[in-house]
Amino acid sequence: VKRIAINTGGGDAPGLNAVIRATVLAAINRGWECYGIRDGFNGILEPARYADGGVFRLTRDRVRGIAHLGGTILGTTNKGNPLHYPVKMPDGSTQDTDRSGEILDYFKREKLDALVSVGGDGSLTIAHALHKMGLPVVGVPKTIDNDLDKTVTTFGFDTAVAFATDCLDRLHSTAESHQRVMVVEVMGRYAGWIALHSGISGGAHSILIPEIPFDIEKVAQKVRWRDGLGRMYSIVVVAEGAAPVDGGRLVAEAAATGHAERLGGIGERVAKELQERTGKDARVVVLGHLLRGGSPTSFDRLAALRFGAAAVRALEQDMSGVMVSLAFPNVEYVALEEVAGRMKGVPLDSDTVQTARDIGICLGD
Ligand code: F6P
């Protein structure tokens, strides 16, 4: 009997529960046992916090009817990296401490053979480190942002794009009725995938992404150009990590508010600037964490179920240090080493970017 554990780390994404379900069923159907670690690795590192001890048996019943549910039944966290665990010191301060050895000890003590770790860049980097320390690990890529390298896409992304597109569809009529500029800020700290895909699908007139520093005057020109045609409203999609090309007022303002590095509230600033430059009424809608919620689309659900089953097949073949990846039409395995710490931005020569340009969407450059 193989005894395996599964955890989920980082921001949640629709499809996590489908991965858990497929992993558990594929394990049970091989006669294995599967255990769930709560909140990343916190279930192991802080067992006293949990009524069930932080690690619990995942039975067929525990994973019944969960594939279509958002979130994760295991819980997740951004604050539980065992390599840099925030430990409270006697003087009240917290100090980054390497507690990875405790994870390995736990697996040895509990006779757990391997870990399926579902997460984004941070979690997969941890998975890679644990693999190098001798723990058999298979990673499963997750992020709504779609910014992980070596997989065509991650589950959660399609759901986020579908929701953002629906929101854009709904905003056209109110923007047009009031002749306003509607700025829609979507997630995407480092990459503009959600902004670009939903913006094109949802008929945005301008799309601003981190990969293309924008000139706000170009966006204002696009608004004025549309006004000149009698189309008195504009929809602008902004990824949260988008930044202006020259700094100028937007950056000065960000610096003044202490957000120079990560331009938090970029949608708000773009709306304000466009209002000043065009004289039009502007409004901002921040979709934020709504993009992470809800039921995964069938695409994400199927991808997640395939990833979970493929992770178990990898363990059956005694693979470790690999990540399951989508390489249409199949799933493949790539070395975690090739993924950890590598972000995948929107390629500027991609046909998707070209499509935006060809149909006249302003990308701010
Ligand atoms: O990594 C995914 C993501 O959705 C980013 O786009 C966003 O910046 C971040 O998570 C926000 O996460 P949280 O609010 O959980 O820190």
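**The annotated site and its surroundings**

The UniProt annotation "active site", from an unreviewed entry, covers Asp145; UniProt positions are given in the numbering used here, feature names are shortened, and annotations may be inferred rather than shown by experiment. Residues are numbered from 1 along each chain as its sequence is written. The model is predicted: local features need pLDDT of at least 70, side-chain atom pairs count only at pLDDT 80 or more, and totals for chains, interfaces and linings use all residues.

Asp145 sits in the loop between strand E7 (137-141) and helix H5 (157-178). Helices (H or I, at least four residues) and strands (E, at least two) are DSSP runs, numbered from the N terminus. Asp145 counts as buried because 29 other C-beta atoms lie within 10 Å. The cut-offs are these: a residue is buried if 20 or more other C-beta atoms lie within 10 Å of its own, exposed if 12 or fewer, and partly exposed in between, with C-beta atoms placed from the backbone. Leaving aside neighbours within four places in sequence, Asp145 is in contact with Met187, Gly188, Arg189, Ala191, Trp193 and Ile194; contact requires that the C-beta atoms of two residues, placed from the backbone, lie within 7 Å.

Asp145 also belongs to the surroundings of the ligand, together with Gly11, Asn78, Gly120, Thr143, Ile144, Met187, Gly188, Arg189 and Glu240. To be near a molecule or strand, a residue must have its C-beta atom, placed from the backbone, within 6 Å of it. This shell divides into two nonpolar, five polar and three charged residues. Here Ala, Val, Leu, Ile, Met, Phe, Trp, Tyr, Cys and Pro count as nonpolar, Asp, Glu, Lys and Arg as charged, and the others, Gly among them, as polar.

In soluble globular proteins, nonpolar side chains tend to be buried together. The largest nonpolar core in this model has 112 residues, and those that touch the most other members are Val183, Val186, Ile194, Ile207, Val236, Val238 and Ala311. Helix H10 (residues 298-316) supplies the largest share of this core, ten residues. A nonpolar core is a set of buried Ala, Val, Leu, Ile, Met, Phe, Trp, Tyr and Cys residues joined through C-beta atoms within 7 Å.

One of these members, Ile207, lies in strand E9 (residues 206-208). With 30 other C-beta atoms within 10 Å, Ile207 is buried. Its contacts, apart from neighbours within four places in sequence, are Ala195, Leu196, Gly199, Val237, Ala356, Ile361 and Leu363. Ile207 and Val238 are 31 residues apart in sequence, and their C-alpha atoms are 5.9 Å apart in space. Val236, not counting residues up to four places away in sequence, touches Val181, Val183, Ala204, His205, Ser206, Leu208, Val219 and Val270.

**Helix H4**

Helix H4 (residues 121-132) has twelve residues, which at 1.5 Å a residue should span 16 Å; its end C-alpha atoms are 17 Å apart, which agrees. The expected span is 1.5 Å times one less than the number of residues in the helix. Buried residues in H4 are Asp121, Ser123, Leu124, Ile126, Ala127, His128, Leu130 and His131. They pack against helix H3 (100-109), strand E6 (114-119), E7 and strand E12 (322-327). Just after H4, Gly134 takes a positive phi of about 110°.

**Backbone details in the loops**

Which non-glycine residues have a positive phi? Asp39 has one of about 50°, and Lys111 one of about 55°. Asp39 is placed in the loop between strand E2 (33-37) and helix H2 (42-45), and is buried, with 22 other C-beta atoms within 10 Å. Lys111 lies in the loop between H3 and E6, and counts as exposed because it has 9 C-beta neighbours inside 10 Å.

A cis peptide bond, with omega of about 0°, joins Phe328 and Pro329. Pro329 is found in the loop between E12 and strand E13 (330-335).

Thr153 is in the loop between E7 and H5. Thr153 is partly exposed, with 19 other C-beta atoms within 10 Å. Leaving aside neighbours within four places in sequence, Thr153 is in contact with Asn146 and Leu326.
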